[in-house]
Amino acid sequence: MAFHAVADVVFGLRFPLGALSSDETFGHFRAWAAGWFTLGMDLPFSTYRRALQAREALVDALTEELEHIAKHPESDRQPGLRELVAARDNDGYRLSTSEIIANIIGTIFAGYSTVAGMSMQMMMALAKHPKVWNKLKDEQERVVAELGPQVTGTALGRMSYAEAVIREVCRTAKFGPQFRLVTEAMDVDGYHIPKGWLLVLYAAFSECYLDDRWPMDDSFDPDRHLSVPDSRKRWPLNFGWGPHVCMGRFLSMVELKALLASLARGYTVELLEPDAELRFPTMEPPGGMPVVVRRSDG
Ligand code: HEM
């Protein structure tokens, strides 16, 4: 779901992409993403070697599509890519082929593994809090009774409890750090941070323990978000902050709400290893998170 949402919604990719089917493209993305957290040694049969090969296959497929557009500018095969090729900024600057490819691969990576990881942590939290799951179901029953079964923008807007659950998962889940290279010395809260230092930012830690609305409180309680006045609402810190705040945060919220809505309306989800250890830095269990999803009526 997360892969297709970003490939389709953000870039309008159509499959086959070059010679790759949708499944093959996804498989290459997974293989490439797996290579990010390795030692980066290009040895035969290593995860890193497979990641490099996967990236090459993705670059080849996108290059083929971009060449097709260059030869047939009127072709409607990849409308999203055609828009990117035609786009100019205010100074008339256009993206080169390699910039377009790097943007697509980078953004799909940013949008796929993050939402997938967040969904997994959401399922782990729900498995441990059946009352929260029941409240989600109640909210979905109310939304369907009022607006019908389609998950529309209006329906998503009525899912305030689902949003509170997502915010609470953001607040309490375990995420890896972000890194910043300090380019100018600065003073923050009485601490001097010299130029050249590498800052390791644990947004997830700050969000959970240092939030002045609920300091040092790591209990899982989505209701807390329902009583926050608008003036004190803020976007969860694990989407970053400042000029480089996550570009996909609104899309992520839509995807996660739609996932919760679909599951709460018609499925039960059983985690086979609900207490699996989340390993640094991917914060995933080494063997993945096996789940059994059943239709509620079956
Ligand atoms: C739960 C899901 C997500 C989380 C937790 C997340 C988290 C983040 C964080 C922390 C940053 C800032 C990185 C930094 O400053 O070093 C970021 C940036 C970014 N995210 Fe997300 N993200 C999510 C989903 C998405 C999605 C769905 C997309 C796809 C559209 C996306 C695209 C991006 C891009 C392009 C940037 C770079 C923005 C820039 O540098 O200007 N993210 N994200």
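**View 1. Arg-224 is a partly exposed residue.** It has 16 other C-beta atoms within 10 Å, so it counts as partly exposed. (A residue is buried with 20 or more other C-beta atoms within 10 Å of its own, exposed with 12 or fewer, and partly exposed in between; C-beta atoms are placed from the backbone.) This is a predicted model: local features need pLDDT of at least 70, side-chain atom pairs count only at pLDDT 80 or more, and totals for chains, interfaces and linings use all residues. Residues are numbered from 1 along each chain as its sequence is written. Arg-224 sits in helix H10, residues 223–226. (Helices are DSSP runs of H or I with at least four residues, numbered from the N terminus.) Val-165 is 59 residues from Arg-224 in sequence, yet their C-alpha atoms are 9.7 Å apart in space.

**View 2. Cys-246 lies in the loop between H10 and H11.** Cys-246 is partly exposed because 17 other C-beta atoms lie within 10 Å. It touches Phe-239 and Gly-240, leaving out residues up to four places away in sequence. (Contact means C-beta atoms, placed from the backbone, within 7 Å.) An unreviewed UniProt entry annotates Cys-246 as "binding site". Such annotations may be inferred rather than shown by experiment.

**View 3. The ligand is surrounded by 18 residues.** (Each has its C-beta atom, placed from the backbone, within 6 Å of the ligand.) The closest are Gly-111, Thr-114, Gly-240, Cys-246 and Gly-248. Helices H1 (2–10), H5 (97–128) and H11 (249–266) each give two or more residues to this shell. H5 supplies the largest share, six residues.

Terms used:
Two residues are in contact if their C-beta atoms, placed from the backbone, lie within 7 Å.
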